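Keep the structure open while reading.

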Amino acid sequence: MIVCAGDIEQFKFATPIGVGLINSAINLTRLCIMNPPEFILFVGTAGSYGEKDIFDIIYSRAASNIEHSFFNKAGYTPLDNLVVADDVAVGKDSIILNSLIDTVSHETIVNSSNYITTSESIGKVAQKVGLSLENMEFYSVLSVAKEFNIPVGGVFVVTNYCNNSAHEDFKKNHKKAMQILEEHLINKGIK
């Protein structure tokens, strides 16, 4: 099953699951209960903490849920806030995910929050702790997939850097980024 956030990030070949951590978790859980997929591939946009460039295509199978209070040493969590997908997808319909596994880096950790980072200094701290990208839904997607023991991965296109012009750059680059991502996925046979 190929999924996307929805709203302004929709693809003809992907099922929208909702924007943000909560909506995506609820809707993907519902889909997994009603019709358990053999694999889940999330496709969407992401902001870069600085290491990845605008319009880069990034594969990931690791996500975190680290809030800004952690970066400012103003909070802690008792929760496990890192999810890494299992290595193997099996079955006839998981060919797409298996074909991507060789190109997926476990080191590319996508951080998820219901807030978009607009502070370059927080972006630099995020990089220091090993985070590369920011996407609002990916942590939920990996968490749901892990709960249902479903192989999972993500493909992202970078729309902006996490700085004070993040929102303006996202709006300026979004349409082109979506076209680049869709062309990439079609060229990889994901459609």
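A residue is called buried when its relative accessible area is under 20%, and exposed when that area is over 50%. The model examined here is predicted. By that cut-off Asn 135 is buried, because its relative accessible area is 4%. Asn 135 sits in the loop that runs between β7 (131-134) and α5 (138-147). Its side chain comes to 2.7 Å from the backbone oxygen of Thr 45. Apart from neighbours within four places in sequence, the residues in contact with Asn 135 are Phe 42, Thr 45, Ala 46, Val 110, Asn 111, Ser 112, Ser 113 and Phe 156.

Rolling a probe the size of a water molecule over the atoms shows where empty space is left. The largest pocket holds about 390 Å³ of space. Its lining is made up of 19 residues, and those closest to the centre are Glu 9, Thr 45, Ile 116, Met 136 and Phe 170. Two or more lining residues come from each of β3 (40-48), β8 (152-161) and α6 (166-187). By type, the lining of the largest pocket has 8 nonpolar, 7 polar and 4 charged residues.

The second largest pocket has a volume of about 170 Å³. Among the residues that line the second largest pocket are Asn 65, Ile 66, Glu 67, Phe 70, Tyr 76 and Tyr 139. Its lining divides into 5 nonpolar residues, 5 polar residues and 1 charged residue.

Where does α6 bend? The bend is at His 174, and its angle is about 50°. An α-helix has 3.6 residues a turn, so residues three or four places apart point the same way. The buried residues of α6 are Ala 166, Asp 169, Phe 170, Asn 173, His 174, Ala 177, Met 178, Leu 181 and Leu 185. They pack against β3, β4 (57-64) and β8. Just after α6, the backbone of Gly 189 has a positive phi of about 85°.

His 174 deserves a separate look. Is His 174 buried or exposed? His 174 counts as buried because its relative accessibility is 9%, and this residue lies within helix α6. Its side chain forms a polar contact of 3.5 Å with the side chain of Glu 9. Glu 9 is also among the residues closest to the centre of the largest pocket. With neighbours within four places in sequence set aside, His 174 is in contact with Ile 8, Glu 9, Thr 45 and Thr 159.

Asp 7 is not a glycine, yet its phi is positive, at about 55°. Asp 7 belongs to the loop between β1 (2-4) and β2 (15-16). With a relative accessibility of 62%, Asp 7 counts as exposed. Phe 55, which is not a glycine either, has a positive phi of about 75°. The loop that holds Phe 55 lies between β3 and β4. Phe 55 is partly exposed, because its relative accessible area is 22%.

How values were computed
Residues are numbered from 1 along each chain as its sequence is written. This is a predicted model: local features need pLDDT of at least 70, side-chain atom pairs count only at pLDDT 80 or more; totals for chains, interfaces and linings use all residues. Side-chain values use heavy atoms; hydrogens and water are left out. Helices (H or I, at least four residues) and strands (E, at least two) are DSSP runs, numbered from the N terminus. Buried means under 20% relative accessible area, exposed over 50%, partly exposed in between (1.4 Å probe, protein chains only). A polar contact is a pair of N or O atoms within 3.5 Å; within protein, one must be able to donate a hydrogen and the other to accept it, and residues adjacent in sequence count only if both atoms are side-chain atoms. Contact means heavy atoms within 4.5 Å. On a 1 Å grid over the protein atoms alone, a cavity is a set of points where a 1.4 Å probe fits but cannot get out, and a pocket is an open set with protein on both sides within 12 Å along at least five of seven lines; lining residues have an atom within 4 Å of a point. Grid points are joined across faces, edges and corners, and a volume is the space filled by probe spheres set on the points. Ala, Val, Leu, Ile, Met, Phe, Trp, Tyr, Cys and Pro count as nonpolar, Asp, Glu, Lys and Arg as charged, and the others, Gly among them, as polar. The bend at a residue is the angle between axes fitted to the seven residues ending there and the seven starting there.
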